[in-house]
Amino acid sequence: MSRTPLAKTIPELTDQLLAADTISARQELVEQGGEICNREVIVGIADAVNHIARENLPRAERLAEIACWLTEFSGDLFCRARIRRAAGNLQVLRGNYANAIQTFQTCLEQFATISEEIEVAATLSGSLQPLIYLGRYSEALERAQQARDIAERRHDELLLARLDLNVGNIFHRQDRFPEAVLYYKRAQIALDRLGQKRDCVIAWLNLAVGYIALNDFSQAEQAYKKARALALLENMTSIVAQADYNVAYLYYRRGQYTEALELFQQTRQYCESVGDRLHSALCDLDQAEMYLELHLNPEGTQLAQQAVSAFEKMDMGYEAAKALVWLGIGAHQNGKPFLALDFFAQAQERMRSQQNDVWVALLDFYQAIVLHQEGRFHEALNRCTAAHNFFSSFSNSGRAIQVQLLRACLYLALSETREAEDCCASAMEAAARLRSPFLLTQGYAIRGQIEQSGGAIDAAIQSYDEALQWLEKSPSRPVGEESKLSSAKNRLELYPALVSLMVSGPPTEDISEAVLALVEKAKSRELAELLAFRANTLPAPSRSHSSLVEQVRSLRNELNWYYGEIDVAEVRSADSSAQRAMDMRSRIQGLEEVLIETLGELRPADEQFFVLQNAGTIPVNEIREVIRQDEMILEFYEAHGLLYACLFSKGCIRITRTARTETIRDLLRSLRSHFAKFDRGNGPSTLLQASLLEGAQTILFALDRELIQPIRGQIKGRLIIVPHGLLHYLPFHALFDGSRYLIEDHVISYASSASQYYLSSRKAGDFQKRDLIFTGGSPSHPQEMNARMENVLPDARRFPGDAANIELFEQHGAGARFIHVDTHLRLRRDNPLFSTLTVGSTAISILDMYNLRLPCSLIGLSGSGPGIDSAGDGNEIHALAQGLEYAGAQTLLMPLWNITGGPLVEFLTSFYRRASCESDKALAFQQAVAATRKEFWHPYYWASFVLRGRTGRVLSKRTRSTDDPL
């Protein structure tokens, strides 16, 4: 019997039904076209509901409701069951799993009544997903077997393939990932053979998730790309967005931030073009998390607010609550603790309504952290105890250990020492079982604090030392969600704590050397932690593409993924999850050990890469080899509000306490205020210059009294000054003893650390006599000034204004002698690494400086001075200098604040003229300062620049000591 063709297509009928807003309008449609109640039409509408659901769930739900109404006219039980099954699928997508199971059960009974065996099998298959979400795996597997028996008997290959997809989901939820991938792959092959492209898309998506669980990220990325390509062909716009979003998220969790940011942006643009609000909001949510992890607060807060608004409009409670958490973290980073606590409370209430016990407990923990930092110890302890009551059920989880350690800190703050000791001991016992260097570092550090508070100094030193040993067994890394709240500084507090205790005892040569080594480790670790989120992308300075360098990147990518996953895995309630979490801990430990070993193997070939990647230092005895008899490294370190000077010469090491940090901060504030008189214009009148000079000298004398006077009798010869923290903003060479500036009595240069001075001194010294100058970068310079700047290196190749860019900077800079860049610094206080420098028409972040390749004798900068920031920590100066040295520069000339006009041209011209004929750049610097002082005698004009790195000093055979390096 031939089938009568429909007068209208299913999509046309669907559109008409959806346009019928009232019952009377629907009845009119039924009366006008009787075919709308045909079985073929209703089955087609049921299929349309399933197709529409993944693109527009509310539209699918409305269509299903209309179709149910239609089946009342048809009186066809088959049609009623088909529509009801489609409605059950929608309930699954909405998360109404119990209701969905009941709906599917009704369908099964209806299909059984009319002996529709194949439909019974299809319904059994559809009911698997809600059973999986409810953890009823045995029942799901039993139903899957029933459906498989029917499908095999009826030779229904399509149903068998769809069953394989659902069974794969069961295995995935049970953490049986190899079996899950096997079923997904079998389903994908069958669906492809049967031409079921839309089902193939789902198979590829599931395969990607399975590959991720198996740590096969390359296969996962390929699977996502195949899902995306097919979805694009099938016009499944939501799946295209989902695939792009998932790949971006994969990059983010592996620490590939640049790729993640680019793909999040592309995905958001695509979502906006096709009207996919869900995945656009998900991009906002995860990109906000990433920005906050990078401490880029304004961007993170803005995206989190967008996400809250979008998810609230879509009535997505969990996602909206999570976005509120990010707003709370953003408020905390922005120094607004009360607002942070309010956001956390709102998020917690929403998570409670979602019955998400993990997040409710986690938000108790977050609130405890903020309250602790605010000194509200009793309130913090109450919150922390609430978190402990939940996480104690997962006693071997990292989160449970962190909660216990915070309880120990709170009890200690409340002088309840016994309770603090008990919490700390319990946490350390669990951390030892996990053999987690990160958790053991925290545990020993807190134990040291408890012992120190009780006056057991020797025991405290031993605990701090144990903590450092564990810290050094763990590569520098971001430390999970709590890093957005408290940052990695907590771990770095170990160093000043130990330094303070070690210098409190009788001074000996051994203790002094141990303190210096500790200070060096502290500074190396500070930079490594600052760069940890990009450690997997940093190239080796030698640009080696050896298998070892690639192995370091691969190991870091894999570790980043595990670091992000372990906390979630440890608080899942399934029995198999506990074993998987232990397996992940074991995998992390193994990967960290391999990474440390691989970095050790790289050290001989690329020592600078090793130091930056592993927070490494150069042994004190090796540093001695590059210090000459008339030189001294004067290295400062701030610990617990006090500044210490480490005097490191060829023959001895001494440690001396100098000033209080707050005293220096106040004096720097005064110096900044004094210099502001010059920043506002072209300088004061001649009549005021004498009184202003006296004012500056008064402040510089006070600074000299605090920092230099305690060690004046011990310093001699040439000084290599290594600042720390706020001392990075201080022009030490301008310190005044009442009659002379420090640079008048000493040739002075600067370094990031003693280890970095060693590395700079060991760099090869042969470069072409080829100089470059890039001008036009500073917006404050008029055209006339740009022309004057070009003359500071008269024989240099010039790249003015728009003709200059980063590509030319790197292309022509490699192998040059001197490169001077007149630039402009756009400073990011929230994360100085994202501060940018202009080079002609382009800009580059401090972070991206580490990716340049610029082997050269010297890079000079003007216009990049951050100014004296009495509240800052100098990270922008420190990181910029390290980045340019890492790129290959032997020596750097950098401004602390920006001067313009005649003083700038005079100093630079004088310096470059002398450096061109004098290999000793530190001596050339001293002479240039002296020459500039003759014409511009206020320190504002002549003290703004510092010289860092290799001095290029060459000693004649007649004057070289027998133990000086050649």
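**Rings and helices in a predicted model**

Author: Let's start with a cluster: ring pairs join Phe 675, Phe 678, Trp 897, Phe 936, Tyr 940 and Tyr 941. Keep in mind that this is a predicted model.

Reader: Fine. How many aromatic pairs does the whole structure hold?

Author: A search turns up 29 of them.

Reader: And what do I look at to describe one pair?

Author: A pair of aromatic rings is described by the distance of the centres and the angle of the planes. Take Phe 675 and Tyr 940, two members of that cluster. Their centres are 5.4 Å apart, with 70 degrees between the planes, and the pair is edge-to-face.

Reader: Are Phe 675 and Tyr 940 buried or exposed?

Author: Phe 675 is buried, and Tyr 940 is too.

Reader: Let me try another pair. Why does Tyr 741 with Trp 942 count as edge-to-face?

Author: Look at the planes: they stand at 75 degrees, and over 60 counts as edge-to-face, so the pair gets that label. The ring centres lie 4.8 Å apart. This pair also links distant parts of the chain, 201 residues apart: Tyr 741 is in the loop between β4 (718-722) and α36 (742-745), while Trp 942 is in helix α44. Both Tyr 741 and Trp 942 are buried.

Reader: Now helices. How do I read a packed pair?

Author: Two packed helices are described by the angle between their axes and the distance between the axes. Here, helix α29 (residues 509-530) packs with helix α41 (residues 875-887) at about 85 degrees, and the axes are 11 Å apart. The range for roughly perpendicular is 65 to 115 degrees, and α29 and α41 are therefore roughly perpendicular to each other.

Reader: Which residues make the contact of α29 and α41?

Author: From α29 come Lys 523, Leu 527 and Leu 530; from α41 come Asn 875, His 878, Ala 879 and Gln 882. By type, that contact has three nonpolar residues, three polar and one charged.

Reader: Zooming out, what does the chain as a whole look like?

Author: The chain has 44 helices and 14 strands. Of its 966 residues, 58% count as buried. The accessible surface is about 38900 Å², and carbon and sulfur atoms account for 48% of that.

Reader: What share of the contacts with a separation of 6 or more comes from residues 24 or more positions apart?

Author: That share is 70%.

Conventions:
Residues numbered from 1 in each chain as written. Predicted model: local features only at pLDDT ≥ 70, side-chain atom pairs only at ≥ 80, totals over all residues. Heavy atoms only, no water. Helix = DSSP H or I, 4+ residues; strand = E, 2+ residues; numbered from the N terminus. Buried < 20%, exposed > 50% of the residue type's maximum accessible area, 1.4 Å probe, protein only. Contact = heavy atoms within 4.5 Å. Areas by Shrake-Rupley, 256 points an atom, 1.4 Å probe, with all protein chains shown as cover. Axes fitted to C-alpha atoms, helices over the stretch in contact; angles between N-to-C directions. Parallel < 35°, antiparallel > 145°, perpendicular 65-115°, else oblique. Nonpolar A, V, L, I, M, F, W, Y, C, P; charged D, E, K, R; others polar. Phe/Tyr/Trp six-rings, centres within 6.5 Å; stacked < 30°, edge-to-face > 60°.
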